[in-house]
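This briefing sets out how strands pair in one protein model and then turns to individual residues. Please read it alongside the sequence and the coordinates.

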Amino acid sequence: MTNRIGDAYFSGRINYGYTVGIVAGTTQTQAGGTVLTTDLNEIATVANANDVVTLPAALVGTSVTVFNNGANTLQIFPAVGDNLGAGVDTSTTLAAGINREFVSYNSTNWEVSASSGLANWDESG
């Protein structure tokens with residue numbers, strides 16, 4: 001059911017794509033980061049401080065949540081040419097045990113939500 005173009009109403013649950021057990025790239029570079037491909041991403045292994053994951057290219061309305069269940073601080077890069085708010089191609093970090101949501105508001109920029117200490121998520125919910 002819709003009330004005008006672009007507004008949709010749902011009943012029931014919306015299921016999001018998720019990936020668990022992700023290993024962060026050890027190159028600690030934007031190009032060498034493990035590319036995230038789903039809505040919900042549980043990073044299980046961060047072997048060294050600042051090991052890397054890379055967000056997909058920004059697309060208006062895209063939401064990507066990163067759960068850092070690794071042992072170290074995770075470095076998160078945008079896709080090449082995108083901006084997480086600190087400059088194009090500039091990373092941010094996420095402490096172990098924390099999660100963060102990234103929402104793109106146009107084709108190159110992401111809004112970063114406040115962090116939460118609820119990182120202990122896996123496919124069981």
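Contact here means heavy atoms within 4.5 Å. The model is predicted. In it, four strands make up an open sheet, arranged in the order β4-β6-β8-β9 with mixed pairing.

- Strand β4 runs parallel to β6 (residues 51-54), with two bridges between them; V35 is placed opposite T54 of β6.
- On to β8, β6 again pairs in the parallel sense, here over four bridges, and V52 faces Q75 in β8.
- The pairing of β8 with β9 is antiparallel and comprises three bridges, with I76 opposite T92 of β9.
- Strands of a sheet pair through backbone hydrogen bonds, in either the parallel or the antiparallel sense.

**Burial of strand β8**

- In a regular strand, side chains alternate between the two faces of the sheet.
- Strand β8 (residues 74-77) is covered on both faces: L74 and I76 are buried on one side, and Q75 and F77 are buried on the other.

**T65, a residue of β7**

- T65 belongs to strand β7.
- Its relative accessible area is 10%, and T65 therefore counts as buried, because the cut-off for that class is under 20%.
- Beyond its neighbours within four places in sequence, T65 contacts D39, L40, N41, R100 and E101.

**P56, a residue of the β6-β7 loop**

- P56 is located in the loop that lies between β6 and β7.
- With a relative accessibility of 24%, P56 is classed as partly exposed, because this class spans the range between the buried limit of 20% and the exposed limit of 50%.
- Residues up to four places away in sequence aside, P56 touches L36, V64, A79, D82 and W110.
- The C-alpha atoms of P56 and T38 are 8.9 Å apart in space, while the two residues are 18 residues apart in sequence.

Notes: Residues are numbered from 1 along each chain as its sequence is written. This is a predicted model: local features need pLDDT of at least 70, side-chain atom pairs count only at pLDDT 80 or more; totals for chains, interfaces and linings use all residues. Side-chain values use heavy atoms; hydrogens and water are left out. Two strands pair if DSSP finds at least two bridges between them. Buried means under 20% relative accessible area, exposed over 50%, partly exposed in between (1.4 Å probe, protein chains only).
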